[in-house]
Amino acid sequence: MDYTEVTVSTTTQGSDLVSDIFLRLGAVGTQILDRADLPDPTKPTANWELMDQSVIDAMPEDVQVKAWFDEGSLKKVIGPLREQLSLLKAPGLGTLQVSMQGVKEEDWAENWKQYYKPFRIGQHMVVKPTWEPWDAQAGDLIIEIDPGMAFGTGTHETTAMCVSLIEAYYQGGTLLDVGTGSGILAIAAARLGAKGIVAVDIDPDAVRVAKENVAHNGLDAMIDVRKGDLLQGLSQQFDFAVANILAPVICMLAAPLKKHLTPGGRFICSGIIAEAEPDVNAALLGAGYVIDEIRRKGDWVAFACHI
C-alpha cells in the first residue's frame with residue numbers, strides 16, 4: 001500500500017494540537033520533529049543523553065508534525081485538515097503550512113536503513129546493524145547494534161574512545177560498566193574475553209535495550225544487566241571498570257568506585273566535555289588514581305587510569 005506523508009509547519013506550542021488533529025482524522029502514525037526535544041550539548045544534565053551536534057543541525061528550523069495517510073483516505077482528509085488548521089490560527093502557532101509527498105510502503109519501512117553501515121572502532125571491533133552483511137577479516141570482533149534502539153550505537157566520539165581504550169588496556173578479569181546505555185561497552189569487553197561482567201543503568205528503558213542487545217549478541221551468560229543507580233547495591237570488586245557518563249558524575253563516582261576495584265584495577269571513563277577535563281583530572285588524582293592516558297576527539301575527552 002502507498003501512503004502520503006503530510007507535513008504541517010508549526011511551533012512547539014502547536015505541535016501536540018496538530019498531531020491530535022492528524023490522529024483524529026485517521027493518520028496511521030504521526031511524528032514531531034522539534035529541536036526543543038533534543039538535549040543541548042552545551043548544557044548537560046545528569047540524565048543527558050550524549051548526542052552529536054550534527055544530529056541537531058539536521059533538524060528543521062521550524063517544528064514539523066508529520067502524518068501518514070493511505071491513498072484511499074487522503075482525499076477525504078485534506079479538506080477537514082485545512083479547515084481545522086484554520087481554526088488554530090493564533091499567535092505562537094507558526095505558519096501551519098501544509099505540504100505533501102508520496103511515500104511507498106517499502107520506502108517508509110526500509111529506506112532509513114541505508115544510512116547505517118558497519119564501521120570499525122579501534123583495532124578489531126566492528127559495529128554493524130543486524131541487516132548489513134560484513135565480510136569479516138581475521139581478528140574482527142563483531143558487535144551487532146541496531147540504530148533503531150536508543151542509548152548509543154558507537155558513533156559518538158565518547159563511545160568510540162571508550163571502546164578503543166578497553167581494547168588497549170583490558171588484560172582479563174571481571175568488569176563493571178556503569179551507565180551501560182545500549183550495552184555496547186559491555187559487549188565490546190565480552191568480545192575481548194571478559195567474563196563476570198556487570199552492566200548497570202538507572203533507566204529501565206536502557207536496561208531493556210541493553211538486555212536485548214546482549215541477548216542478540218549471544219552474551220547472556222557473560223553479561224549481567226541490572227537496573228541500578230551507579231554503585232548502589234553493588235558489593236563485589238572488579239578488575240576493570242568503564243563509565244561513559246557525564247563529567248560531574250565521574251567526579252562524584254571516582255572515590256567510591258575505588259572500593260569496588262581490585263588492587264591495580266583499571267578505570268576507563270568518558271562522556272567528558274573538553275572544558276571539564278581539568279575537573280575530572282583533579283578528581284581522579286585526588287581520589288588516588290594514576291592516570292595512564294588521556295585521549296581527545298572533537299570536543300570530548302576520555303581517561304584511562306588505575307589504582
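Mentor: Strands here are DSSP runs of E with at least two residues, helices are runs of H or I with at least four, and both are numbered from the N terminus. This is a predicted model, where local features need pLDDT of at least 70, side-chain atom pairs count only at pLDDT 80 or more, and totals for chains, interfaces and linings use all residues. Residues are numbered from 1 along each chain as its sequence is written, and side-chain values use heavy atoms, leaving out hydrogens and water.

Now widen the view from that pair. β5 and β6 (residues 125-128) run antiparallel and are joined by 3 bridges; two strands count as paired if DSSP finds at least two bridges between them. In general, strands of a sheet pair through backbone hydrogen bonds, either parallel or antiparallel. Here the sheet is open, with 3 strands in the order β5-β6-β7 and mixed pairing. At its edges are β5 (119-121) and β7 (141-144), each of which pairs on one side only. From one strand to the next, the twist averages 30°.

Finally, look for helix α6 (residues 184-191), which lies across β6 and β7, where contact means heavy atoms within 4.5 Å. α6 runs at about 155° to β7; such angles run from 0 to 180 degrees between N-to-C directions, and axes are lines fitted to C-alpha atoms, for helices over the stretch in contact.
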